[in-house]
Amino acid sequence: MTPSYEECRQSFDWSQSARELGYEDGQPINIGWYCSDRICEQGLGQKPALIWEDNGGREATFTFDDIRDRSDAIAAHLASLGIERGERVCIFMDRLPELYIGFLGVLKLGAVVQPLFSAFGEESLGVRLENAETCCVITQMKHVRKVRRARKTMPFLRHVIVVDGQGKDLKEGESAMTMTELEHPADFRCAETGPEDFSVLHYTSGTTGQPKGAQHVHSSLISQYITAKWVLDLRPDDIYWCNADPGWVTGTSYGIIGPWANGITQVVLDAGFNSDAWYAFMARHEVTVWYSAPTAIRLLMRDGTELVKKHDLSSLRHLCSVGEPLNAEAVIWSEEAFGKPFHDTYWQTETGCMVITNWPGMKVKPGSMGKPFPGIEAAVVDPKTGEAITEPGKVGIIALAPGWPSMIRGYRNNQAGWDKKFLNGWYLCGDQGSIDQDGYFWFSGRDDDVINTGGHLVGPFEIESALLEHEAVAESAAVATPDTVNMEVVKAFVVLKPGFEPSDDLDLAIMNFIRKKLSPLAMPQQIEFIDQLPKTRSGKIIRRILRAQEFGEDIGDVSTLMNDDD
Ligand code: PRX
């Protein structure tokens, strides 16, 4: 049971979490070991760790003994290929058991695991593999063609492992690995990684440049373990479902590490969104704790409460949400539909763990993100001075005092980008918000041009660079436009090259071009052809004017923006 917020706020120190984990300073710490071997050592080896289903009706259950043995075997297999500690191994596949167990295997080898969303096209995949200098990609037949195209220019990418590649036509440098047939290596020893050794490499989008590689370390476990336990209110008999994909940080911090480090049974559904199927899945497995996202909740709302009542969801005890603003209506609806509110949580790829949360048992103010997790010092600061704003309700930049265990240690090969995140001793989240008189945080919006579509961040630069590769595009600007379900979707303003005329066919061709190259998330849902883009005096595109137009906001004095060339 989660203790009271006030009690924890006063006495909490991260070392309390380390103590619960049995971890002492100076010892090795390996997330793979803590998520499997340690749970088995506690006598829970026979407990289901992963109950998996796909939309084709296939099912599989893996106990903690199974995930320990299979992750050992994967680690040994990677070592037999010559993959070494510290090298980057990408997992690029749908939500197959091999993704979850392979994730632990890569970590047990001491290598860095780079999970990438399987809907990425070859270009999105390529820039991330390039930046990480990834030595191995573990994938499935369905996605191998994208890997083949991306790796043509990557001599560092030595191995492509195909988990369902047995008996298939594989090319040079590719090999099959059937997880269930790998022999358990009797003499396997998990890598004795240190607390500061890199563990997970997630890519996140900013306004400028290509996505940044957020470097997590093994001691992030200390934050992820206790936040999962308390904020998700995890208890030993829980059946937990996090519907996020491990290509994104929610799907690893709370879809693998947090729950398994607590010895909790997780269910995974490898299928797209479908309200009826989701409810049936939760009813079938008697899910007790569910971590979801506002876009999914809005889609469920659209299908109404009648559908909810058709299913026995009485097992549900605690609901949480992350990724985008959880509007008050969604909280109120969930009370009506499930008899309990969704608890909003706020955090980022960079924070590694939840930092502002609606604590179990604490009063929920619908529409608020809650209060800082004990052990996290959060504020709202003036964007120019970095001084904390004390006036209730006044909007500033959400900021955190650095130093909690799961804060990333930087962006890979991008020290300048990381340095820019700090001001006056604060880590700046890049979001605007305010704090009310009771200490609750309220989200106002992002402080940059990044587009948050359905809880996924998409960088305008990535889209604009890809658009430039289309034969008809001379210049473009990608901005957010409002959407009732996804909160925001991508809209592209396009200036055509001479000789090309706007048409519906061209519209579609450009959309598809981006969908294939990048991903369905990055695909513009709308394209507007214009003669020229708003620019600063030195020629930088001012996306903010276009964005404000989309949201019907007042942009203020445009002439100041025209001088804005940082
Ligand atoms: O803008 C905020 C939004 O998502 C961003 C972080 O995205 P990412 O690094 O992909 O991680 C997503 C999952 C942890 C934030 O900077 N965001 C996240 N949670 C919330 C949110 N916006 C409003 N309310 C939230 N609860």
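Let me begin with a term: a polar contact here is a pair of N or O atoms within 3.5 Å, and within protein one of the two must be able to donate a hydrogen and the other to accept it, while residues adjacent in sequence count only if both atoms are side-chain atoms. What we are looking at is a predicted model, in which local features need pLDDT of at least 70 and side-chain atom pairs count only at pLDDT 80 or more, whereas totals for chains, interfaces and linings use all residues. Residues are numbered from 1 along each chain as its sequence is written, and side-chain values use heavy atoms, with hydrogens and water left out.

I will start with the ligand. An N or O atom in the side chain of Asp 431 is 2.5 Å from an oxygen atom of the ligand, and a polar side-chain atom of Asp 344 lies 2.8 Å from a ligand nitrogen atom. Glu 324 takes part through its backbone, with an N or O atom 3.2 Å from a nitrogen atom of the ligand. The protein covers 96% of the 550 Å² of accessible area that the ligand has on its own, as computed by the Shrake-Rupley method with a 1.4 Å probe.

Which elements supply the shell around the ligand? Helix 10 (249-261), strand 14 (342-346) and strand 21 (441-446) each give at least two residues, and the largest share, 3 residues, comes from strand 14. Helices (H or I, at least four residues) and strands (E, at least two) are DSSP runs, numbered from the N terminus.

Let me turn to helix 17, residues 504-517. In this helix Leu 506, Asp 507, Ile 510, Met 511, Ile 514 and Lys 517 are buried, where buried means under 20% relative accessible area, exposed over 50%, and partly exposed in between, with a 1.4 Å probe and protein chains only.

Finally, two asparagines. Asn 413, in the loop between strand 18 (396-400) and helix 15 (415-419), has a positive phi near 55 degrees, and Asn 413 counts as exposed because its relative accessibility is 60%. Asn 424, in the loop between strand 19 (422-423) and strand 20 (426-435), also has a positive phi, of about 50 degrees.
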